[in-house]
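Hi everyone, thanks for making time. Let me put the structure up on the screen, and then we'll walk through a few parts of it together.

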Amino acid sequence: MPHPRVSYRVAAAEQSGLPAASVDLMTVGQALHWFDHARFAAEASRVIREGGLLVCASYAVCEITPDIDRIVDRLYTDLLDPFWPPERGMVENGYADIALPGTPLALPRLAMSETWSVADMLGYLRTWSASKRYQRRHRADPVELIAAELENAWGAGTRKVSWPLTVRASRIGVG
């Protein structure tokens, strides 16, 4: 539900239309790799007030158990590697090569997690952009190539699925 003290708008990350020094916190979730980094850094520096925060988060491949992770990795790497866009490499290296404005902040290791059935996991794997590109090219579902093995390794019931988060944060205009 919309909050009365929050303004909602759609704009390019590199040209927000926000007034200068009008933002206390700017967050970017799973999108920094798509931005024009130099232009975004300039816009973030312009709109975040002195002492404000820029926080950019992303996640790569999930972790479940070593046996299941090997199966998912085979899909991710062996089957889908040619179908990932080049920008995916920035996610995989934790945005390490992207310069952010401000003074970097040290953060603890973070993760997000969910409790899923094998059907949930197979459905998630089908949402990957590389899975969709593979399917358009080959007219076949790449997840089917690992589904039986994944179902066998998963077993009955639910499992905890964790995504280690990369979170880069900086304080603007201080230090």
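So here's something to look for while you find your way around: which side chain does the side chain of D141 join in a polar contact? It's R126, and the polar contact between those two side chains is 2.4 Å. Keep in mind, before we go on, that this is a predicted model.

Let's stay with D141 for a moment. You'll find D141 in the loop between helix 5, residues 129–138, and helix 6. Is D141 buried or exposed? D141 has 18% relative accessibility, and the cut-off for buried is under 20%, so D141 counts as buried. Its side chain also has a polar atom 2.9 Å from the backbone nitrogen of V143. And if you leave out residues up to four places away in sequence, D141 touches R126 and Q135.

Okay, zooming out. The chain has six helices and five strands, and going along the sequence the order is β-α-β-α-α-β-β-α-α-α-β. The C-alpha atoms fill a box of roughly 55 × 35 × 35 Å along the principal axes. Of the 175 residues, 35% count as buried. Now take contacts between residues at least 6 apart in sequence: 84% of those join residues at least 24 apart.

Next up is helix 6, residues 144–154, and we'll start with its packing against helix 4, residues 118–127. The two axes are 10 Å apart, at an angle of about 150 degrees. That makes helix 4 roughly antiparallel to helix 6, and the crossing is right-handed. On the helix 4 side, the contact uses V118, M121, L122, L125 and R126, while helix 6 brings E144, I146, A147, L150, E151 and W154. Sort those residues by class and you get eight nonpolar, three charged and no polar.

Which residues meet here? From helix 2 we have I68, I71, V72, R74, L75 and L79, and from helix 6 we have L145, I146, E149, L150, A153 and W154. The class count for this contact is ten nonpolar, two charged and no polar.

That's my tour, so over to you.

Note on methods. Residues are numbered from 1 along each chain as its sequence is written. This is a predicted model: local features need pLDDT of at least 70, side-chain atom pairs count only at pLDDT 80 or more; totals for chains, interfaces and linings use all residues. Side-chain values use heavy atoms; hydrogens and water are left out. Axes are lines fitted to C-alpha atoms, for helices over the stretch in contact, and angles run from 0 to 180 degrees between N-to-C directions. Helices (H or I, at least four residues) and strands (E, at least two) are DSSP runs, numbered from the N terminus. Angles under 35 degrees count as roughly parallel, over 145 as roughly antiparallel, 65 to 115 as roughly perpendicular and the rest as oblique. A crossing is left-handed if the near helix is turned anticlockwise from the far one by less than a right angle, and right-handed if clockwise. Contact means heavy atoms within 4.5 Å. Ala, Val, Leu, Ile, Met, Phe, Trp, Tyr, Cys and Pro count as nonpolar, Asp, Glu, Lys and Arg as charged, and the others, Gly among them, as polar. Buried means under 20% relative accessible area, exposed over 50%, partly exposed in between (1.4 Å probe, protein chains only). A polar contact is a pair of N or O atoms within 3.5 Å; within protein, one must be able to donate a hydrogen and the other to accept it, and residues adjacent in sequence count only if both atoms are side-chain atoms.
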